[in-house]
Amino acid sequence: MGDNISGNMNTGFIKLHRSLLDWEWYDDLATTKLFIHLLLTANFKNKSWKGIDVPAGSVVTGRKKLAKETGLTERQIRTAIKR
């Protein structure tokens, strides 16, 4: 998401339900960090990126980009996505 298709990501808010604490992967810090990062970076409205429709709730990214943005390794990203 180098082009930041969602505009300024530092405005607005997201809601997290407390039941997230009961999620089976919550105690896995890498998985939880990636999950919250994706929630924060997902489109809040439909957008277009390089001619591709990217609907609200989606994000255009990759393992390397996610690793750079989160400080996790590519392996941690891959494992977290599998979970």
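Helices (H or I, at least four residues) and strands (E, at least two) are DSSP runs, numbered from the N terminus, and Leu38 has its place in helix 1. This is a predicted model, in which local features need pLDDT of at least 70 and side-chain atom pairs count only at pLDDT 80 or more, while totals for chains, interfaces and linings use all residues. Residues are numbered from 1 along each chain as its sequence is written, and side-chain values use heavy atoms, with hydrogens and water left out.

**Helix 1 and helix 3**

- Helix 1 (residues 29-41) packs with helix 3 (residues 74-82) at an angle of about 80 degrees, their axes being 9 Å apart.
- The contact (heavy atoms within 4.5 Å) is made by Ala30, Thr31 and Leu34 from helix 1, together with Gln76, Ile77, Ala80 and Ile81 from helix 3.

**Thr31**

- Thr31, which also lies in helix 1, has a relative accessibility of 4% and therefore counts as buried, a term that means under 20% relative accessible area, with exposed being over 50% and partly exposed in between (1.4 Å probe, protein chains only).
- Not counting residues up to four places away in sequence, Thr31 touches Trp23, Trp25, Ala80 and Arg83.

**Leu38**

- Leu38 has a relative accessible area of 26%, so this residue is partly exposed.
- Leaving aside neighbours within four places in sequence, Leu38 is in contact with Val59 and Leu66.
- Between Leu38 and Gly57 there are 9.2 Å in space, C-alpha to C-alpha, although the two are 19 residues apart in sequence.

Methods: Axes are lines fitted to C-alpha atoms, for helices over the stretch in contact, and angles run from 0 to 180 degrees between N-to-C directions.
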